[in-house]
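Here's a quick briefing on a ligand site and some salt bridges. Have a look at the model first, then go through the points below.

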Amino acid sequence: MTADPIYLDYMATTPVDPQVADQMSGYLTQQGVFGNPASQHCYGRRANVAIKQAADHLATLIRAQPREIIWTSGATEANNLALFGAARFYQRQGRHIISVITEHKAVLDPLRQLEQEGFRVTYLTPKTNGLIEVQDLISQLTRETILVSIMQVNNEIGVIQDIHTMGELLRERGILFHVDAAQSLGKVMIDLQRLPVDLMAFSAHKLYGPKGIGALYVRRQPRVRLQPLLYGGGQQHGLRSGTLATHQIVGMGEACRLTNQYFDQEYQRIRRLRDRLWQTLQAIPGVQCNGDLKQRVPHNLNVSVAGVEGESLVLALRDLALSTASACTTASIEPSYVLRAIGVSSELAHSSIRISLGRFTSEQDIDRTIAVLQQQIGWLRSLTPFEYEG
Ligand SMILES: *Cc1c(COP(=O)(O)O)cnc(C)c1O
């Protein structure tokens, strides 16, 4: 009998919080609230009330107005709607877009498609700590630039970009700013009353909510216009047609409410666990942390283990459910493009692991993780002696 590996992959997805699942189950069956939220009768109105309440919970968490929220099927769709929507609406003002090579595929792939449609995209390269130099962004702006898209928290290395400073400089110049915040919601405080950001993408399943639901924040003041991706019943101001998925939206709303409630306590607890883990990992020769350690969410560690083959490392760490590149790219044998972009060698990128912690990570999980890592890396090193030059 073998126990399940310890779950250390919260940046790939999170389990649904039991309170969230409980709420959702009230919005499906005949006994629950099942009406179409667009219907005029009381079945519809009840569903509509629940959706309004969910929008309030998300809006409270990010300090926005509920009417600035567009529900989508996830952050992938939210990013697509933001990028295609803004690029196509504003293309007469210019066809130049700026982004970063370490973005998630849900941003990079739509941008590739926009390039096919005749837009020009400049991709910034971060410094070796994973952070963008604000001056680099400014120097790439042209009179044709209509849109900049930069993620707040990187899904592989957890670094936090200074979107506040960037947003201020872009606002002054009248350039739209889209931020993929799938990994920042619940991990950093987001205050859209102060953040000069025009569009922001979120996902529920990185936040103890269900998969298949997310949202796009679309600023009202100054007003941002988008061309829709989907046409149909005209729901959500015509920006995203389709019957609203009441149970999913209620789930995301409840996840936001809980996050708001737990934020400080959860943040401190996860930081202590991560710091303890890093203290021991740091002491192992040849182990390096990828991405800035300070400008980073406490939920993430990304480490390379020098002198150990990638495949052997994966096998040796099978008691830990963690990511060996990005959850979304493990199907390919290419090492992480994010690590390569910040100057990690191909060899070292192959022997890198992403450890991500969350709400249900316990002290015991971390004790056990530390023991496994020390033992297994030690064992691998004893097979191929490692010369540490330090
Ligand atoms: C998970 C993730 C996405 C995609 O979100 P889905 O809701 O799964 O579509 C986009 N961007 C980042 C940074 C992510 O971590």
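Predicted model: local features only at pLDDT ≥ 70, side-chain atom pairs only at ≥ 80, totals over all residues.

Helices (H or I, at least four residues) and strands (E, at least two) are DSSP runs here, numbered from the N terminus. Residues are numbered from 1 along each chain as its sequence is written, and side-chain values use heavy atoms, with hydrogens and water left out.

**Around the ligand**

- The side chain of threonine 76 puts an N or O atom 2.6 Å from a ligand oxygen, and a polar backbone atom of alanine 75 sits 2.9 Å from an oxygen atom of the ligand.
- A ligand nitrogen is 2.7 Å from a side-chain N or O atom of aspartate 180.
- On its own the ligand has 380 Å² of accessible area, and the protein covers 88% of that (Shrake-Rupley method, 1.4 Å probe).

**Salt bridges**

- The whole structure has 15 salt bridges, each being a side-chain nitrogen of Lys or Arg within 4 Å of a carboxyl oxygen of Asp or Glu.
- Glutamate 77 pairs with arginine 240, with the closest N and O atoms 2.7 Å apart. Since glutamate 77 is in helix H3 and arginine 240 in the loop between strand S8 (214-218) and helix H7 (246-282), the pair ties together parts 163 residues apart in sequence.
- Glutamate 77 counts as buried at 14% relative accessibility, and arginine 240 does too at 16% (buried is under 20% relative accessible area, exposed over 50%, partly exposed in between; 1.4 Å probe, protein chains only).
- Glutamate 266 and arginine 359 form another salt bridge, at 2.6 Å between the closest N and O atoms, and both residues are buried.
- Glutamate 363 meets arginine 276 at 2.8 Å, N to O. Glutamate 363 lies in helix H11 and arginine 276 in helix H7, so this pair links parts 87 residues apart in sequence.
- Glutamate 363 is partly exposed at 39%, as is arginine 276 at 29%.

Conventions. Polar contact = N/O pair within 3.5 Å; in protein donor to acceptor, adjacent residues only side chain to side chain.
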